[in-house]
Amino acid sequence: MSDSVTHSRSEKITRFRRRSIIALGVALAVAMTPLVLANPRTSPAAVAAPAVAAVDDSQLNAGPPSRGGNYMHDADAPWVRPVPGKVTSVFGPRPVICTPAGCSNTTHDGIDLGSPCGTDIKAISPGRVTSASNAGSFGERVIIDHGSGLESIYGHMQTGSYRVSVGQLVKAGTIIGKVGMTGVATGCHLDLKIRTGAYIDPKPFLAFRGVTL
Ligand SMILES: [Zn+2]
């Protein structure tokens with residue numbers, strides 16, 4: 001009797017210990033689960049996460065369409081006003097202007113700065129001269145490539161006033177020639193154009209860079 005009671009008690013104690021060990025094991029397993037899932041080497045979800053982040057990064061770098069706001073030209077590049085003088089014709093649609101030399105387009109794809117003939121014209125930013133020649137109705141013209149697809153174009157320059165040649169590197173403020181009225185022009189002025197693939201309005205483009213036209 002006493003043996004069987006003793007036996008029965010020891011069995012109960014053994015069962016209790018087994019249950020405790022199982023319960024402890026389950027508890028440990030549950031407790032460990034988040035740690036295992038959070039480990040990138042063992043969790044497929046965690047491995048996939050960086051690929052999604054990389055796509056987001058590339059979208060951030062793409063930027064909005066060209067309006068001059070965040071154009072990718074060197075952020076540290078200096079910018080200068082090409083000539084003194086008031087804006088005499090803004091960028092955008094305008095009536096056709098005809099002179100003995102021909103007629104202008106219905107869209108003005110640059111901005112006119114009224115300045116006396118003979119006034120020095122400065123490169124607006126560092127770059128390389130890609131053209132210095134006569135361009136018909138646009139007169140004597142210099143084109144500067146600033147890299148990253150950005151160009152500045154200077155029209156109606158004085159005949160024989162070029163101070164730069166094709167291939168030459170220029171700094172912001174390098175004098176490239178003089179204001180004139182060659183081509184279709186009714187007075188002395190600089191027609192400044194800025195092209196980032198398409199022509200854009202130089203006024204907001206340069207305003208964003210601290211240059212007021
Ligand atoms: Zn113009």
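Biologist: Where is the place of histidine 156?
Modeller: Histidine 156 lies in strand β10. Strands (E, at least two residues), like helices (H or I, at least four), are DSSP runs numbered from the N terminus. The model is predicted: local features need pLDDT of at least 70, side-chain atom pairs count only at pLDDT 80 or more, and totals for chains, interfaces and linings use all residues. Residues are numbered from 1 along each chain as its sequence is written.

Biologist: What phi does histidine 156 have?
Modeller: Its phi is positive, about 60 degrees, although histidine 156 is not a glycine. Most residues other than glycine have a negative phi.

Biologist: Is histidine 156 buried or exposed?
Modeller: Histidine 156 is buried, because 25 other C-beta atoms lie within 10 Å. The cut-offs are 20 or more such atoms within 10 Å for buried, 12 or fewer for exposed, and partly exposed in between, with C-beta atoms placed from the backbone.

Biologist: And serine 148, buried or exposed?
Modeller: Serine 148 is exposed, since it has 10 other C-beta atoms within 10 Å. This serine sits in the loop between β9 and β10, and its phi, near 55 degrees, is positive in a residue other than glycine.

Biologist: Changing topic, how many bridges join β8 and β9?
Modeller: Six bridges, in the antiparallel sense; strands pair if DSSP finds at least two bridges between them. Within this pairing, arginine 128 stands opposite aspartate 145 in β9.

Biologist: What lies between those strands in the hairpin?
Modeller: Five residues separate β8 and β9 there, and glycine 136 in this hairpin takes a positive phi near 65 degrees.

Biologist: Which residue in β11 stands opposite glycine 127?
Modeller: Valine 170 does. Strand β11 covers residues 169-170 and pairs with β8 in the antiparallel sense over two bridges.
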